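Hi,

Here is the structure I promised to pass on. Have a look at it first, and my notes follow below.

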Amino acid sequence: MSRSDEELMREFQEGNDTAFITLYERYRLAIYRFIYRKIAHQARAEELTQEVFLALVRYRKDWRQESSFKTYIYRIAFNCSLSEARRSEHKVMVDDEDEQNSVASDTLSPIEQVEQSEIKQHIKRALAKLDADFRDPIILREYEGLSYEEIATIFDLPIGTVKSRIFRGKLELKKLLTPVLNPDINDLVKPASTSTATGVGTNAPSQML
Amino acid sequence: MKCETKCEMILEELQAFIDNELPQERHNEVLAHLNECSECTRMVEELEELSMVMQKWDVPEPSLPTAQQVLAAAKPSGGIFFRFLQQFYELPFKLKAPLLAAATALVLLFISVVQDQPNLKSRPSRAPESVAVKPHSPIPNIQEESYREAAKEIEELKRDRALQDQIASSQDSSVGGGVAGSVIGGVNAPVVISPTLVTPAEAPSKPASADNVESFAMISKNSVEKQDYRVKVSSKDLQPTDRLIIKSANLTLETENFDDSKTKAAELATSNGGFVTRLQVSTQGRARVADISVKVPARNFEKVVNEIRRFGKSVQELVEGQDVTDQYLNVFDEVQSEQQLEQDVRKSVEADKSNSYEKLYAQRQLREIARQRAALERQLQQLRDGAALSTINIRLEEKSSSILAVAPGQELTVGQQIKLAFVNGFRNLFSLILPIVLFVGEAGLSIIFCSLLIYGLYWIGKKYVNKREKRVYQFSSSETRDWTK
């Protein structure tokens, strides 16, 4: 029953539309999540996800059977979001205001909900601040669980570069997310916090680098 | 110290260690180091914590189309035209630009062809205009009245003819006296034919009754505008004509195939029933010049002139049509009266049986009259010949395409040759650039216009394709909007 992505894609290339349905169900959310975290805009992420799969269908013949389907579709997604970014270069990224209300969980108290959404906003902003070269591999690794090798294939980079980009990106993120990572210290002893508690986290790596 | 260097070496790999992306050997090494080094352990913990925190950013539930919807949307929409447009706009700029340029060129070509159409149509009617005969000819002016006059004259002539016949039948030999009075249009109209103007409309009604009287002028309102004025002059008979026009043309042409044109000009004259009266070739500077005079029948005049124009670039041109009708009629009149006088004198001389001095005097007078009449007739003949045969003077100037094309027999020194080569080179360069400059100057506006037109079409097409594509992608936009509410 569970055929590999490559087998399904091959069938789809031969004209079997049900194979595409399976593939679509497997990947649509993953692709959407990747694009959403990359551009932080829901409606556009949805549109781009459609575009990715439309491109997959339209240019199905372009897929070479020996390559991995997973990296192929992420690559399409990456290219689509790139051209989208180029197209809307002049547009200012706006935060999705709806998001905060959207994932309201009943199990959390109102205070906790606010806290959660604040953390989310922090992460979102931190990732947005991050250089795209660091951000994209981190998103794929942290959220989608792709291997370094797969990421290297998607971005057409050596594995070593991917490794160092993920590490540096994370260090950068750590710096950006200090208030989230050490909320207690941050709140209690604000002036001292940077030198004492986060000393290792922020200063040490930058010295070592 | 030892630890620090080790830390430095290992730090970069800590994330990979957490992600389990290190080779087993290296993984074990890092693991061993972490057991010793608390700072690195802390680093690992922090990185792990960061990953944990990052996981808190969950994504909102998307509203994505179903797989079927995607498949349906991916199917090429629209007709062949839309798909073609889509394909076109997806082409790289490198390919699109020449295609657009070609389209612009096509539009230019199309416009030029369309604009040229009326010119092509009007060419035949333009040709006779360019021969400056029409403006010189008084016929269009006299035409209106002469039309009616001619009809009247014909009627009168017919009556006169009937009268003449009666007289002739009664007194066989002595016709002169009876007819002398019938003067039509300032011309004596005895047994000989009178010059009149007859319209084609009148023509069929007339010849039956008046056998000897013929209509020669074939000029009507329409024919004046359409046809060239054909001069019907035969050198044999004393045949009156419509309008006697002596046509002449002086053409100076620059030609590259000098010898060819020269022989062709002579051939043209002979093939059109004419002949060459003079052919002189001389050399002016480096170029040869040929002066050719040809005579061609008047009816072929325009045709020959037009043919000759094709020999080369016209430098100077003069086409004349000299109306000598009045002159002809006057001379004709004089000839008539001289004839009359001669007849009268001869009759009286013959009647006088005596051999008196008066008779001798009269005979001498008769000779004088005859001589004068002959002179007048010669003049008449000249006028007829002039009208029958038109003169065309052609001056052909050799146009050397290269300054180095030296007239045969001339030799140049090396220095001269080099100089000439430079001059020639610049000349050629100029002649290469000039058309471009002229083209851009003259066609610049239309080029800009066409480019704008094509660009406008391109832009509209692009908008159209984008709009349709957008529509394809936005099949779930309503759902998205619903979701955001």
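Before the rest, some housekeeping. This is a predicted model, where local features need pLDDT of at least 70 and side-chain atom pairs count only at pLDDT 80 or more, while totals for chains, interfaces and linings use all residues. Residues are numbered from 1 along each chain as its sequence is written, chains are lettered from A and ligands numbered from 1 in the order in which they are written, and side-chain values use heavy atoms, with hydrogens and water left out.

Back to B:Glu307: it forms a salt bridge with B:Arg310, with the closest N and O atoms 3.5 Å apart. (A salt bridge is a side-chain nitrogen of Lys or Arg within 4 Å of a carboxyl oxygen of Asp or Glu.) B:Arg310 counts as exposed, at 65% relative accessibility. B:Arg309 also has a salt bridge, to B:Glu317, at 2.6 Å from N to O, and B:Glu317 is partly exposed at 33%. Elsewhere, A:Lys163, B:Glu13, B:Arg26 and B:Glu29 are joined into one network by salt bridges that share partners.

Now the interface. Chain B puts 46 residues into the contact and chain A 57, contact meaning heavy atoms within 4.5 Å. About 5,100 Å² is buried between the two chains, and carbon and sulfur atoms give 64% of that; buried area is the accessible area (1.4 Å probe) that two parts lose on being put together, summed over both.

There are 16 residue pairs in polar contact between chain B and chain A, both residues at pLDDT 80 or more. (That is a pair of N or O atoms within 3.5 Å; within protein, one must be able to donate a hydrogen and the other to accept it, and residues adjacent in sequence count only if both atoms are side-chain atoms.) On the side of chain B that touches chain A, H4(B) gives the most, with nine residues. Helices here are DSSP runs (H or I) of at least four residues, numbered from the N terminus. By class, that side has 23 nonpolar, 10 polar and 13 charged residues. Ala, Val, Leu, Ile, Met, Phe, Trp, Tyr, Cys and Pro count as nonpolar, Asp, Glu, Lys and Arg as charged, and the others, Gly among them, as polar.

B:Asp58 lies in the loop between H4 and H5 of chain B and A:Lys120 in helix H6 (residues 110–129) of chain A, so their pair joins two chains. Their side chains meet at 3.5 Å, N to O. B:Asp58 is partly exposed at 30%, whereas A:Lys120 is buried at 7%.

Lastly, the aromatics: 15 pairs over all chains. Rings of Phe, Tyr and Trp (its six-membered ring) pair if their centres lie within 6.5 Å; planes under 30 degrees apart count as stacked, over 60 as edge-to-face and the rest as tilted. The centres of A:Phe34 and A:Tyr74 are 5.7 Å apart and the planes at 75 degrees, so this pair is edge-to-face. A:Phe34 sits in helix H2 (residues 17–39) of chain A and A:Tyr74 in helix H4 of chain A, 40 residues apart. Both are buried.

Cheers

Definitions and conventions: Buried < 20%, exposed > 50% of the residue type's maximum accessible area, 1.4 Å probe, protein only.
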